[in-house]
Amino acid sequence: MEKYRMVFSGSGGQGVITAAIILAEAAVLHEGLIAVQSQSYGAEARGGSTRGDLIISELPILFPKVTQPNVLVCLTQEAYDKFSPIIRPGGLLLSDDRFVVPRKKVDARQVGLPMFQTVMEELGDPVAFNICMLGALMGLLGVVRVDSLLAVIARRVPEAYVEMNGKALALGAGLTESPEG
């Protein structure tokens, strides 16, 4: 397994920190991997910038800070503009194509998906946007199994939202599948 150095970025209320925590717990509790997760918030709780850093590895993690991620998720234009320069060459940059327009030449595989639009059309509630993003990320990388994520979601998310989040996870993974032709 490659060491994954991830940065999830967006604005307060989008759930990027929650998504990072869910992925870290799935890796540690259900996959037997080692993970370190940290976060930072802007001045405002909702609408301010947020960043969740996550390292997942099979080997001990000697430095817990992500300085040059090989996986970057940007859910706002502000996050893209701020963090796209730090991505490791050849990495993966996942963004939502409703909120992010790639404006910079980035030496990374840039994938823009309609995650927010899909959640709104299929579920009608933006609360599962972050889980759809996790599904898309797992569809692209396969870091942990979907059932590991579902187990953590069932424990961390209010019971009324567990089913919706399971659907959002599947919707995100579905966005990464090639259309049959």
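Mentor: Let us start with Ile22, which lies in helix H1; a helix is a DSSP run of H or I with at least four residues, a strand a run of E with at least two, and both are numbered from the N terminus. The model is a predicted one, in which local features need pLDDT of at least 70 and side-chain atom pairs count only at pLDDT 80 or more, while totals for chains, interfaces and linings use all residues. Residues are numbered from 1 along each chain as its sequence is written, and side-chain values use heavy atoms, with hydrogens and water left out.

Trainee: Why does Ile22 count as buried?

Mentor: Buried means under 20% relative accessible area, exposed over 50%, and partly exposed in between, with a 1.4 Å probe and protein chains only. Ile22 has 0% relative accessibility, and therefore it counts as buried.

Trainee: Which residues is Ile22 in contact with, leaving aside its neighbours within four places in sequence?

Mentor: Contact means heavy atoms within 4.5 Å, and with those neighbours set aside Ile22 touches Ile131, Leu134, Leu149, Val152, Ile153 and Arg156. Ile22 and Leu149 are 127 residues apart along the chain, yet their C-alpha atoms are separated by 6.8 Å.

Trainee: Which residues of H5 are buried, and what puts them on the same side of H5?

Mentor: The buried residues in H5 are Ser148, Leu149, Val152 and Ile153. They cover an arc of only 135 degrees around the axis, taken from the directions from the helix axis to the C-beta atoms, and therefore they lie on the same side of H5. What covers them includes helix H1 (16-31), helix H4 (129-141) and H6.

Trainee: What makes H5 roughly antiparallel to H6?

Mentor: Helix H5 (residues 146-156) and helix H6 (residues 159-175) pack at an angle of about 155 degrees, with their axes 10 Å apart. Axes are lines fitted to C-alpha atoms, for helices over the stretch in contact, and angles run from 0 to 180 degrees between N-to-C directions. Angles under 35 degrees count as roughly parallel, over 145 as roughly antiparallel, 65 to 115 as roughly perpendicular and the rest as oblique, so H5 is roughly antiparallel to H6. On the H5 side the contact is made by Val146, Leu149, Leu150, Ile153 and Ala154, and on the H6 side by Val162, Asn165, Gly166 and Leu169.

Trainee: Why does Asp53 count as buried?

Mentor: Asp53, which lies in strand E3 (residues 49-57), has 3% relative accessibility, and therefore it counts as buried.
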